[in-house]
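The sequence and structure come first, and the text follows.

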Amino acid sequence: MTKPPRKRSKPLLGEADAPLRSRPRRRRDPAQPNLPLDPMPDRIEPCLALLKARPPWGAKWVYEIKWDGYRLAVHVEPAGVRILTRRGLDWTHRFPLIEAAARALPVSTAIVDGEAVVLDERGRSDFGLLQQSLGGRGGMKRSSNAVFMAFDLLYFDGHDLRNSELEVRRHLLEDLVPAGGQDDVRLSEEIEADGDQLLASACEHGLEGIIAKRRDAPYRSGRLGDWLKIKCIQSDSFVIVGYERSTVARAGIGRLLLAARKGKALVYVGGVGTGFNERNAYELREKLDGLIASTPAAAVDRKEAIFVKPRLIAEIEYRAWTDDGKLRHASYKGLREEQDSAGVYELD
């Protein structure tokens, strides 16, 4: 930011060559701090990215890689480190390596916004690997290979940064978490590039997509358009409302039946029959059999359907929507943790 010009200082000596003296000040109340400090928020609702089909254009936007993991806020506090999920649940115990790395950051107090991910052999975030590291949905394992990709700094050494522009927050974050580091807290680096070219490159390398952020925007909780997400392949969360059995498929699951939200109701949007491996198929079947219901949670016209209570949320990749509102070329990626507060896809 451009600093305003400084006013010319007064001369050290007056006209009579007598030293200038400042007016006496009242003695400071020792109970008052030297500098005004902002109270540290107990929790901050995250800024969420709005889905768009194409990257925005213009110098006011900057880009990052889109990570596929769990959104977390790392709180560095005088009493220690807290790692909170999007819903505000304390998952510090599930990410001991991230906790240890956060303790080592050169700061007294901070709130760092980012994503916990597990990287594959090519350095790409893999949601399935992250779930495995935590013991699957509902598992209580501690991840031994998740890293935290930091992309925003909301509070820093006693100062609330949410009203500061993104460029200011990023400048401080890059001092705290230097680029190119290989610790368990790493910087999600900004990329100066043409949005369309960057998206094409991300898709070519098998990444999920990119994030666009306004340089001059403050940090605002909610999905308000300051951050945009552009995906190579669509990936969203849907409620499992039933399944169909198969005599040849793993764990006997031939197809999961999925629903999206429309207001307070659930609407059937088709099914998914690919993407299962031996491990997650048997874990999924065990959970489904414990949720069998006599009536469907959404209107499903499938004669062989076995209905389940709408408790499980699946992450699904898909290419497009059919004209009658069903998913095309869908593939199962895994179950979302209920504590992760994964936003179920909402129909207009």
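## A salt bridge between D216 and R214

D216 and R214 form a salt bridge, with their closest N and O atoms 3.1 Å apart; the term requires a side-chain nitrogen of Lys or Arg within 4 Å of a carboxyl oxygen of Asp or Glu. D216 is partly exposed, with a relative accessible area of 37%, and R214 is also partly exposed, at 23%. Buried here means under 20% relative accessible area, exposed means over 50%, and partly exposed lies in between (1.4 Å probe, protein chains only).

The model is predicted: local features need pLDDT of at least 70, side-chain atom pairs count only at pLDDT 80 or more, and totals for chains, interfaces and linings use all residues. Residues are numbered from 1 along each chain as its sequence is written, and side-chain values use heavy atoms, with hydrogens and water left out.

## The four-stranded sheet

An open sheet of 4 strands runs in the order β1-β10-β9-β2, with mixed pairing. Its edge strands are β1 (50-51) and β2 (61-65), each of which pairs on one side only. Strands (E, at least two residues) and helices (H or I, at least four) are DSSP runs numbered from the N terminus, and two strands pair if DSSP finds at least two bridges between them.

β2 pairs with β9 (residues 209-214) in the antiparallel sense over 5 bridges. Within this pairing, E64 stands opposite I211 of β9. Helix α4 (residues 195-204) packs on the sheet and touches β2, β9 and β10 (227-231), where contact means heavy atoms within 4.5 Å. The direction of α4 makes about 150° with that of β9; axes are lines fitted to C-alpha atoms, for helices over the stretch in contact, and angles run from 0 to 180 degrees between N-to-C directions.

## Strand β15 and its partners

Strand β15 (residues 313-318) is mostly covered, with 5 of its 6 residues buried. It pairs with β11 (residues 234-245) in the antiparallel sense over 6 bridges, and D236 has I316 in β15 as its bridge partner. β15 also pairs with β18 (residues 331-336), again antiparallel, over 5 bridges. There, the bridge partner of E317 is S331 in β18.

E315 lies in β15 and R336 in β18, 21 residues apart, and the pair links distant parts of the chain. Both E315 and R336 are buried.

## Other salt bridges

How many salt bridges does the structure hold? There are 24. One of them joins the side chains of D196 and R54, at 2.9 Å from N to O. Because D196 lies in helix α4 and R54 in the loop between β1 and β2, this pair ties together parts that are 142 residues apart in sequence. D196 is partly exposed at 35% relative accessibility, whereas R54 is exposed at 57%.

Salt bridges that share partners also join E64, R170, E174, E190 and K213 into one network.

E208 sits in the loop between α4 and β9. Is E208 buried or exposed? E208 is buried, with a relative accessible area of 13%. Its side chain makes a polar contact of 3.4 Å with that of K66; such a contact is a pair of N or O atoms within 3.5 Å and, within protein, one must be able to donate a hydrogen and the other to accept it, while residues adjacent in sequence count only if both atoms are side-chain atoms.

Leaving aside residues up to four places away in sequence, E208 touches K66, W67, D68, I230, K231, C232, I233 and S235.
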